Amino acid sequence: MTRVIHTGDTHLGYRQYHRPERREDFLEAFRQVAADAVEDDVDAVVHAGDLFHDRRPDLGDILGALSVLRTLDDAGIPVLAVVGNHEAKRSAQWLDLYESLGLATRLGSEPVVVGDTAFYGLDFVPRARREEFEPAFEPHDSDHAALVTHGLFEPFDFGEWDAREIVEPADVEFDALLLGDNHDPGTAEVEGTWVTYCGSTERASAAEREDRGYNLVTFDGEVDIRRRGLDTREFVYVDVELAAGEGVDRVRDRVEQYDVEDAVVVVTIEGEGEPVAPADVEEVALDRGALVTRVTDHREFAEETEREVSFADPDDAVRERVRELGLSDAARDIDETVRASDVADSNVDEAVQQRVAELVEAGDADTFASVEPAETDEPPTGSEPERTASDSSDGPDGSDDTEVEAEAETDDDADEASDGAADSTEPAGSTGTSSGGAETAEATAESDGDQPAAAAESDGDATLEDYL
Ligand SMILES: [Mn+2]
């Protein structure tokens, strides 16, 4: 018999809502998993990726993970892990550092045997490399075998890769796939193999409403998968449906019905009623001791809503910057589709695809001709990797001249949408603190889902490999 804790998506270092308390919460959740593992004396802890929230964790996060791994090591509990999309570096991985210290084992194509179960690993495979992916797992002579990997698999929500493409051609017959990436826990049987997500250990997004936890998996003839809860920070969800004529008072009344002390309060406003200023709602929750309050209002208001636009208005600044870029009509059209408030975030990639198809169909080369930018010597804002026009292989004639900034942004959006509800950092439309803008931009730039080796990684990171 082999009994393991299957965890993952611990996202250490995530300073959610720009709060240091939240960063500490993520570490605390992982500590709890380790404490349970020691108390239960399990045979191993299996980590299915995204130990860290991004590929450049702070020293504090690296040490935090180290202390948890040491706790497990002191108790003689091995840690078996793979690399997730959030933390993936170009060559040597953080996991290699812990392995070199004897505190973890990076799983791969060779079996790592614990008790009577052989464990294999497969790091997150970016979409571009799935076509030619061929599983290659060395044989084992254990009673059971399990594969640990990270990715969004069917038949679960947001699934984008069929687990059978890994399981079927493999020479090893797996009893179970222990997965990470989808933060919603779930278990299914796919052609005789148990496929299970343990879920994230803390809420990496307000969309993760259910209680957090991990899996306890026992291999003993059969595979037994149980779920165990973790005691994480309280998230109080206040969903308000406003009737006509109702406004901020109604929202405040509803918030006051909850004990929000030390909680993250997530207020979602729908229905009719008057516009509600988020600050007025945040005030009442913070007065009652809430750690953070987020107000999401998906309602739309007609243009007559009075709004002061000052030079400090970020939307205004973006509009101005877009003007300066000298985008073609087509690019501005697409930019509008990306940023327009009436296209839901999750529909943006589809809307853009449709818009591009329409523009190509119309076949007017002038539409794709860029306008001379007002200022040419300044690089575009943002940290998108630079692309050349030749990247857009199936573009129409004249696409050489098409400014590709909007396209690059769309790609990112698509990645985020797919990583998406599973993995997103912040809910769309939520309001940040006034000082949070820059940090949000930074977080977005670092959380590129599919490209572990993105250009954003600095050269300095290569030094890790030198020491391993
Ligand atoms: Mn994750």
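These legends accompany several close-up views of one predicted model.

Local features are described at a pLDDT of at least 70 and side-chain atom pairs count only at pLDDT 80 or more, while totals for chains, interfaces and linings use all residues. Residues are numbered from 1 along each chain as its sequence is written.

**View 1. The chain as a whole.** The chain has twelve helices and 17 strands, where helices (H or I, at least four residues) and strands (E, at least two) are DSSP runs numbered from the N terminus. Of the 468 residues in the chain, 38% are buried; a residue is buried if 20 or more other C-beta atoms, placed from the backbone, lie within 10 Å of its own, exposed if 12 or fewer, and partly exposed in between.

View 2. Six strands form an open sheet with mixed pairing, in the order β4-β3-β2-β1-β13-β14, and two strands pair if DSSP finds at least two bridges between them. The edge strands, β4 (105-106) and β14 (222-229), each pair on one side only. Strand β3 (residues 79-81) runs parallel to β4 and is joined to it by two bridges, and the bridge partner of L80 is T105 in β4.

**View 3. Helix α2 and its two sides.** The 16 residues of helix α2 (residues 59-74) should span 22 Å at 1.5 Å a residue, and the end C-alpha atoms are 22 Å apart, which agrees; the expected span is 1.5 Å times one less than the number of residues. In α2, the residues D61, G64, A65, V68, L69 and L72 are buried. They cover an arc of only 125° around the axis, so they lie on the same side of α2, the arc being that of the directions from the helix axis to the C-beta atoms. The exposed residues L59, L63, S67 and D74 sit on the face turned away from this buried side.

**View 4. Helix α2 beside helix α1.** The buried residues of α2 pack against α1, β2, β3 and α3 (94-100), with two residues in contact if their C-beta atoms, placed from the backbone, lie within 7 Å. The axes of α1 and α2 come within 9 Å and cross at roughly 5°; axes are lines fitted to C-alpha atoms, for helices over the stretch in contact, and angles run from 0 to 180 degrees between N-to-C directions. The two helices α1 and α2 are therefore roughly parallel to each other, a term for angles under 35 degrees. Residues of α1, including L27 and F30, meet G64, V68, T71 and L72 in α2.

How values were computed:
Angles under 35 degrees count as roughly parallel, over 145 as roughly antiparallel, 65 to 115 as roughly perpendicular and the rest as oblique.
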